[in-house]
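Please read this note with the sequence and the structure open beside you.

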Amino acid sequence: MKVTTVLFVLAALLVVAIGANAQEMTKEQWQQEINKQTQVRNDLSAKVKALAADVARMQNESTQLDADYQKCLDELYALVGSDQAKAAAYRAEIEAAENNAGELMRLSDADLVARADDVSALAAKVKSLWENKLSLIPEFWDRLTALNDKVKSLQGTLANQVQMYTVGTWAKDRDCLWNISKKKDIYNNAWLWPKIWQGNRDQIKDPDVIQKGQKLKIPKGNELDAEEKAAAKRYYGKKGGA
Amino acid sequence: MRKLNRTVTAFALAFLFAGSGAFVGCSSSPDEAQMKQLNDLNEEVASLEKEVAAAEQQKSALDREIAEKNAKLKKCNDDQAIVKQRLAK
């Protein structure tokens, strides 16, 4: 029994000693690790140095590009007799016009008709912006072209709006086609009455007879077209013959 | 019984021999200063790896920046050519 115990203790000690020895690094392993890591450190140091040189070169290149770009811009604006400050002011004017156009584009047709003067003012503003030589620069040229399209679209929408007139009474308003046509906010020209007649043939059979409350379309234009002239001629012919 | 004692003695001798081998192994381990040297080296390597990563990141950001600036400069030169053409008309 005693011998067995001694054997067991000895065996256990041996196992512990071997295990402990196995976990520790030998000098050879240490040397190998030192050599390996020294090589890695040297490689990395060289890489850091090369990268730092690249970064410095690229920073210089970037700074040079900034200078080249500023020089190019100065030359570009000088071509049209301007400079960066004037171009910035011009850019702000275009932006304001773009905002104005955007606002007008969002209006309903009825609201747009009410602001027809603003459309005219915008068209005039765009025209004046085109007159500046800075408009030759593509950045501004493209924006002004887009603004032109918007102004045309707004003007087209206004042109397509048909003005309406509700007929009043003869006693109070003296409303007849002649007098309606004579009104300042209609044609300001009594001789254009056949336009109203021809524009409302669906509801006016006899131009001498219109009814209170009738809603008449007021066609656009400031002179009679061939059809309207022919209708007027027929009317006066009948009147003359009557 | 005597035979058993001989066995024990032989086993104990064998253990001592093996144990001495283990102690010899211990004595060839790197000392504390050498381990510190290795640890310092490992730390230096880790720090350099971070430096490399940061520099590479900075380089690729500069790459993009330069490409953008080159494109802007090219557009400016193109614009100059267009304006000259328009002025000539």
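The points below go from the whole model to single residues.

1. This is a predicted model, in which local features need a pLDDT of at least 70 and side-chain atom pairs count only at pLDDT 80 or more, while totals for chains, interfaces and linings use all residues. Residues are numbered from 1 along each chain as its sequence is written, and chains are lettered from A and ligands numbered from 1 in the order in which they are written. The model scores ipTM 0.70 and pTM 0.63.

2. Chain A has ten helices and two strands, where helices (H or I, at least four residues) and strands (E, at least two) are DSSP runs, numbered from the N terminus. Read from the N terminus, its elements follow the order α-α-α-α-α-α-β-α-α-α-β-α. Of its 242 residues, 14% count as buried; a residue is buried if 20 or more other C-beta atoms, placed from the backbone, lie within 10 Å of its own, exposed if 12 or fewer, and partly exposed in between. Two residues are in contact if their C-beta atoms, placed from the backbone, lie within 7 Å, and among the contacts in chain A between residues at least 6 apart in sequence, 62% join residues at least 24 apart.

3. Chain B has two helices and zero strands, and buried residues make up 2% of its 89 residues. Its average pLDDT, the predictor's confidence in each residue from 0 to 100, is 84, and 70% of the residues score at least 70. Please read residues 22–26 of chain B with care: their pLDDT is below 50, and beyond near neighbours in sequence this stretch has six contacts in the model.

4. Do the lengths of the helices in chain A agree or disagree with what their residue counts lead us to expect? The expected span of a helix is 1.5 Å times one less than its number of residues. Helix 2 (residues 27–79) of chain A, with 53 residues, should span 78 Å, and its end C-alpha atoms are 77 Å apart, which agrees. Just after helix 2 of chain A, G81(A) takes a positive phi of about 65 degrees.

5. Which residues of helix 6 of chain A are buried? They are F140(A), L144(A), L147(A), V151(A) and L154(A), and what covers them includes helix 3 (84–105), helix 4 (109–114) and helix 5 (116–131) of chain A. L144(A) counts as buried because it has 20 C-beta neighbours inside 10 Å. Leaving aside neighbours within four places in sequence, L144(A) is in contact with I94(A), V126(A), L129(A), W130(A) and S135(A). The C-alpha atoms of L144(A) and E95(A) are separated by 10.0 Å, although these residues are 49 apart along the chain.

6. Strand 1 (residues 163–166) and strand 2 (residues 215–218) of chain A pair in the antiparallel sense over four bridges; two strands pair if DSSP finds at least two bridges between them. Strand 2 of chain A has L216(A) and I218(A) on its covered face, with K215(A) and K217(A) on the uncovered one.

7. W197(A), in helix 9 of chain A, counts as buried because it has 21 C-beta neighbours inside 10 Å. Not counting residues up to four places away in sequence, W197(A) touches L177(A), I204(A), P207(A) and A231(A). W197(A) and A231(A) are 34 residues apart in sequence, and their C-alpha atoms are 8.8 Å apart in space.

8. Two backbone angles deserve a look, since most residues other than glycine have a negative phi. R174(A) has a positive phi of about 55 degrees although it is not a glycine; it is found in the loop between helix 7 (170–173) and helix 8 (177–182) of chain A, and it counts as exposed because it has 12 C-beta neighbours inside 10 Å. N188(A) likewise has a positive phi of about 55 degrees without being a glycine; it is found in the loop between helix 8 and helix 9 (193–199) of chain A, and it is exposed, with 11 other C-beta atoms within 10 Å.
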